[in-house]
There are 2 protein chains.
Amino acid sequence: VLLILRDAFYGVRTFSAFHERLGMAKTVLSDRLQRLTDRGILERVQPRPDVGRFEYRLSRAGRDLFPVLVALVQWGDRWVFGPGREPIQILDRPTRSPIQKVEVQARDGHVLDAREVTFAAGPGASEATRALLAKFDTTNAERKRRP
Amino acid sequence: VLLILRDAFYGVRTFSAFHERLGMAKTVLSDRLQRLTDRGILERVQPRPDVGRFEYRLSRAGRDLFPVLVALVQWGDRWVFGPGREPIQILDRPTRSPIQKVEVQARDGHVLDAREVTFAAGPGASEATRALLAKFDTTNAERKRRP
């Protein structure tokens, strides 16, 4: 599913182009494209009414996954390919300069890593989520108490 | 796999806690934890030598997936749960203020959406990637030529 999305951002649109790129069985690809369409991430579009061929395009929700995709590409550049072996560069279109690294930032703009945040129940938290967060807070407290 | 990672960021560590949270078959969970460990995203740690129980913790590579995870959580808040129904808040630990939305930024700091970037072959591009990017550039050129 992630590979399909990545290719959709790169501009792949037709079933045959996805198939050529990803090399998965047609039934599997068809099933995944259907699921992405059902979830409203891809839209099935018929660009020309006289040609029966559909295209799969990113919906607004799909395009909104852009930061997820870029963060994942940058993670792969670092941990899978390594510096100097990046397969793809993402460029700001008008200036063709590389984009910045996607980071998590605090309200004042400083970059946060995973250990500098904490999680709290939101307005839509389920009982299970509340229970997990309560347990997690205990764990943090324990960690602090240990030398 | 994404749900396991999300829970790992929330502080879930033991097999039984993952199992309780995710409710998947033990064999499936075990297989996925093994794959995440093989890929160097989780580390199997034995916190106390006298207790045989392992914990799964995020490795450095795993913690580096933090921007991916946060972007995905924020996407879900918007498109799955909706405003006012967010299950979890992510807070800057010392100030307990909500973090910023994760965005893709150009070098000068302005926010980019998916249509404002272009892709170029990186130093490690395969032939297949080069071919795709060449095709994609053609598509862009065509788009411009159309009224």
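Predicted model: local features only at pLDDT ≥ 70, side-chain atom pairs only at ≥ 80, totals over all residues.
Biologist: Is A:Asp7 buried or exposed?

Modeller: The side chain of A:Asp7 forms a salt bridge with that of A:Arg6 (3.4 Å, N to O). A:Arg6 counts as partly exposed because its relative accessibility is 25%. For A:Asp7 the relative accessible area is 0%, and under 20% means buried. A:Asp7 is therefore buried.

Biologist: Which residues are linked with A:Asp7 in a network of salt bridges?

Modeller: One partner is A:Arg6, whose side chain meets that of A:Asp7. The network of salt bridges that holds this pair links A:Asp7 with A:Arg6 and A:Arg21.

Biologist: How many residues apart are B:Arg21 and B:Asp7?

Modeller: Their side chains meet in a salt bridge at 2.9 Å, N to O. B:Arg21 sits in helix α2 (residues 15-22) of chain B and B:Asp7 in helix α1 (residues 2-10) of that chain, so the pair links distant parts of the chain. The two are 14 residues apart.

Biologist: Which residues touch the most other members of the largest nonpolar core?

Modeller: This core has 75 residues. Beyond its neighbours within four places in sequence, one of them, A:Phe18, is in contact with residues including A:Ile4, A:Val12, A:Leu29 and A:Leu33. The residues that touch the most other members are A:Phe18 and B:Phe18.

Terms used
Residues numbered from 1 in each chain as written. Chains lettered and ligands numbered in written order. Heavy atoms only, no water. Core = buried A, V, L, I, M, F, W, Y, C linked by side-chain atoms within 4.5 Å. Buried < 20%, exposed > 50% of the residue type's maximum accessible area, 1.4 Å probe, protein only. Contact = heavy atoms within 4.5 Å. Salt bridge = Lys/Arg side-chain N within 4 Å of Asp/Glu carboxyl O. Helix = DSSP H or I, 4+ residues; strand = E, 2+ residues; numbered from the N terminus.
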